[in-house]
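Please examine the sequence and the model shown below. The paragraphs that follow treat the ligand surroundings and then the packing of the helices.

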Amino acid sequence: MSESLTMPAHVAVIMDGNGRWAKKHGVPRLSGHKAGMEALKKIVRRSGELGIDYLTVYAFSTENWKRSEEEVGGIFRILVYYMEREIRELHQENVKVNILGDYSIIPEAARKAVADAVEKTKNNTGLQFNIALNYGGRDEILRAVKKIAGEVRDGKRDPEDLKEEDISAALYTGGMPDPDLIIRTSGELRLSNFLIWQCAYSEFYFTDTLWPDFDEKAYEEALQAFTHRKRNFGGR
Ligand code: IPE
Ligand code: IPE
Ligand code: MG
């Protein structure tokens, strides 16, 4: 597959199915999360090669804290391991890492690893790689509303003048285009609180493939499907 004009500018991925992959292979759930990181590496690299501008991945939701302490701790340990090992290469490839979500409350080692990655790559101009971490769409909108309400209170804004763009700008994705394509793996047909404001006109692609099995070929099939979609944005 080569770069083309119909390629989505912004692809978002709900990386689901690590647990079921582990079960299927008779290994611990954390091995599924590790295998998921290997899949992520491939998709990040391929996104850069294909000239995609933004790749946003759902790594940990505001609801994922409900899981066992062991699993949550393991997910963040795997994230630290991945970040520390991959950041040099990501930087060489001109990838800019952004975090969507409040990562001030994640475990210290992970907080530090992602903060370092953001800082190191902040001036890069290639693929914008957004990692949604402790991310929830409703939480994101609530924060935007609080920020704007504060500005109204301080007399900096008139509620009558508020526009949709003002909400967009106050989200973690402020300044970025909305996702053109949202992919969810593992056969689940829902958003699970992912980019609920930004997805207004996104195209959706669902596949039964479990995230650790989602390779370059599966990714290109999703992108190919996108190129055949006819988008109207309400017009005709
Ligand atoms: C997605 O895989 C990864 C995270 C939510 C962190 P799951 O862990 O949800 O995998 P399943 O849905 O149990 O198979
Ligand atoms: C969504 O997957 C969150 C991530 C992929 C990080 P979940 O597995 O948490 O979603 P639900 O609970 O099945 O809706
Ligand atoms: Mg899941």
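Around ligand 2 stand Ile-14, Met-15, Asp-16, Tyr-58, Ala-59, Phe-60, Asn-64, Arg-67, Arg-184, Arg-190 and Ser-192, where a residue is near a molecule if one of its heavy atoms lies within 4 Å of it. This is a predicted model, in which local features need pLDDT of at least 70, side-chain atom pairs count only at pLDDT 80 or more, and totals for chains, interfaces and linings use all residues. Residues are numbered from 1 along each chain as its sequence is written, chains are lettered from A and ligands numbered from 1 in the order in which they are written, and side-chain values use heavy atoms, with hydrogens and water left out.

Some residues make polar contacts with ligand 2 (a polar contact is a pair of N or O atoms within 3.5 Å; within protein, one must be able to donate a hydrogen and the other to accept it, and residues adjacent in sequence count only if both atoms are side-chain atoms). In Asn-64, a polar side-chain atom is 2.9 Å from an oxygen atom of ligand 2. For Asp-16, an N or O atom in the side chain is 3.3 Å from an oxygen atom of this ligand, and a polar side-chain atom of Arg-184 also lies 3.3 Å from a ligand 2 oxygen atom.

Ligand 1 is surrounded by 13 residues, of which the closest are Asp-16, Gly-19, Arg-20, Arg-29 and Arg-67. The side chain of Arg-20 has an N or O atom 2.7 Å from an oxygen atom of ligand 1. The backbone takes part as well: an N or O atom of the Gly-19 backbone lies 2.9 Å from an oxygen atom of ligand 1, and a polar backbone atom of Gly-17 is 3.4 Å from one.

The helices come next. Two packed helices are described by the angle between their axes and the distance between the axes. Axes are lines fitted to C-alpha atoms, for helices over the stretch in contact, and angles run from 0 to 180 degrees between N-to-C directions. Helices (H or I, at least four residues) are DSSP runs, numbered from the N terminus.

Helix H1 (residues 18–25) packs against H2 at an angle of about 120°, with the axes 7 Å apart. Asn-18, Gly-19, Trp-21 and Ala-22 of H1 are in contact (heavy atoms within 4.5 Å) with Arg-29, Ser-31, Gly-32, His-33, Ala-35 and Gly-36 of H2.

The axes of helix H2 (residues 29–49) and helix H3 (residues 69–92) come within 10 Å and cross at roughly 30°. H2 is therefore roughly parallel to H3, a term for angles under 35 degrees. Among the residues that make this contact are Met-37 and Leu-40 of H2 and Ile-75 and Tyr-82 of H3.

H3 also packs against helix H4 (residues 108–120), at an angle of about 15° and with the axes 9 Å apart. H3 and H4 are therefore roughly parallel to each other. In this pair, Phe-76, Leu-79, Val-80, Met-83, Ile-87 and His-91 of H3 meet Ala-109, Ala-110, Ala-113, Val-114, Ala-117 and Lys-120 of H4.

Conventions
Helix = DSSP H or I, 4+ residues; strand = E, 2+ residues; numbered from the N terminus. Parallel < 35°, antiparallel > 145°, perpendicular 65-115°, else oblique.
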